[in-house]
Amino acid sequence: MGSGLAEVAARAGFDVVVRSRTQAGADAVLHGIDAGLTKQVARERLTDDERHAILGRISVTDDLHGLRDCDLVIESIVEDMTAKRDLFEHLDRIVKPEAIIATNTSTLAVVELAMTTERPDKVCGIHFFNPAPMMKLVEVIKPLTASDETIATALEFAAACGKDAVQVEDRAGFIVNALLFPYLNDAVKMLEAHYATAEDIDTAMKQGCALPMGPFELLDVVGNDVSLAIERELYHEFREPGFAPAPLLEQLVTAGYLGRKAGRGFRDYSRG
Ligand SMILES: NC(=O)c1ccc[n+]([C@@H]2O[C@H](COP(=O)([O-])OP(=O)(O)OC[C@H]3O[C@@H](n4cnc5c(N)ncnc54)[C@H](O)[C@@H]3O)[C@@H](O)[C@H]2O)c1
């Protein structure tokens, strides 16, 4: 998600600093963005000058201090509260005091991240969808602690990126994932109960409900590890028995079948 966010902001004309834990990881982000933009130039959706201009607005670093002068920092690391809290604590000490620190979390409590900082009024959620350059929606999440000014700035930023923003309270799953993941979890349970094959369930939902992707195609795009983290969080917050993650999803994650990014998830992508 991090590289998608960088591309979106740079396309919108913002100067972007991408920070990864290693320089190799940071360089890989830039190469990945370049590869995507180069394909778009080949398809005549972008000129080569535009590609150069977008890349010229992105710099990469392995040093958190590289974010010191940013007006807005969007955290988009692994969906794990301990890792995110740790990063927010560090960011708060480094990033200039007037800057907003946002999270791209899909489900976690934004207020908990806000309270690890000395600027809880300047912390909010800015939740992009995957792939960020293509998906129009952004959810702006307002924890109890955020100021109206912070939310207004986040909404303005989303609009400047060409996105349709909705504002939502700080509840697990926000709008989209709170509605979507119980359905995806039910699809996995249906597969476990041998109602039908994954292919037939995908076909049924695409053709019967005019959805662009079936549930298993979507889970493999989102990532089964990310999906499991979201489902655990929904279950933890709402305590609905039906929200407990399907055992098959847990097993796929344990086996490393994380979806497209791992070459295998509900389907095998290793042969292209
Ligand atoms: N996958 C999706 O469809 C999707 C959609 C919207 C939002 N999100 C959210 O975006 C965030 C990232 O999602 P993703 O799918 O890219 O996750 P991912 O787990 O596939 O990738 C996370 C990246 O963060 C890196 N990372 C882990 N700990 C780090 C740390 N302490 N500092 C710096 N980097 C660290 C990992 O090396 C990895 O490159 C999550 O909060 C997720 O909920 C994901």
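This is a predicted model: local features need pLDDT of at least 70, side-chain atom pairs count only at pLDDT 80 or more; totals for chains, interfaces and linings use all residues.
Residues are numbered from 1 along each chain as its sequence is written, and side-chain values use heavy atoms, with hydrogens and water left out.

**Distances to ligand oxygen.** I looked up pairs of N or O atoms within 3.5 Å, the cut-off for a polar contact. A backbone N or O atom of Met 1 lies 3.0 Å from an oxygen atom of the ligand, and for a backbone N or O atom of Ile 77 the distance to a ligand oxygen is 3.3 Å. Ser 76 takes part through its side chain, with an N or O atom 3.4 Å from an oxygen atom of the ligand. The ligand taken alone exposes 830 Å², of which the protein buries 76%, the areas coming from the Shrake-Rupley method with a 1.4 Å probe.

I then turned to β3 (residues 72-75), whose covered face holds Val 73 and Glu 75 and whose uncovered face holds Leu 72 and Ile 74. Such a pattern can be read against the rule that side chains in a regular strand alternate between the two faces of the sheet. Helices (H or I, at least four residues) and strands (E, at least two) are DSSP runs, numbered from the N terminus. β3 pairs with β4 (residues 100-103) in the parallel sense over 4 bridges, where pairing requires that DSSP finds at least two bridges, and the bridge partner of Ile 74 in β4 is Ala 102. The chain passes from β3 through helix α4 (residues 81-94) to β4 in a right-handed β-α-β crossover, that is, clockwise from the first strand over the helix to the second with the strands pointing away from the viewer.

β6 pairs with β5 in the antiparallel sense over 4 bridges, and His 127 stands opposite Glu 139 in β6. With β7 the pairing is parallel and has 6 bridges, Leu 137 standing opposite Asp 164 in β7. From β6 the chain crosses through helix α6 (residues 148-160) to β7, again as a right-handed β-α-β crossover.

**Backbone exceptions.** Most residues other than glycine have a negative phi, and most peptide bonds are trans. I found a cis peptide bond from Asn 130 to Pro 131, with omega near 0°, and Pro 131 lies in the loop between β5 (123-128) and β6 (137-142). Phe 174, in the loop between β7 (164-169) and α7 (176-192), has a positive phi of about 55° and is buried at 6% relative accessible area. Ala 210, in the loop between α8 (198-209) and α9 (215-222), has a positive phi near 55° and counts as exposed at 70% relative accessibility.

Terms used. A polar contact is a pair of N or O atoms within 3.5 Å; within protein, one must be able to donate a hydrogen and the other to accept it, and residues adjacent in sequence count only if both atoms are side-chain atoms. Buried means under 20% relative accessible area, exposed over 50%, partly exposed in between (1.4 Å probe, protein chains only).
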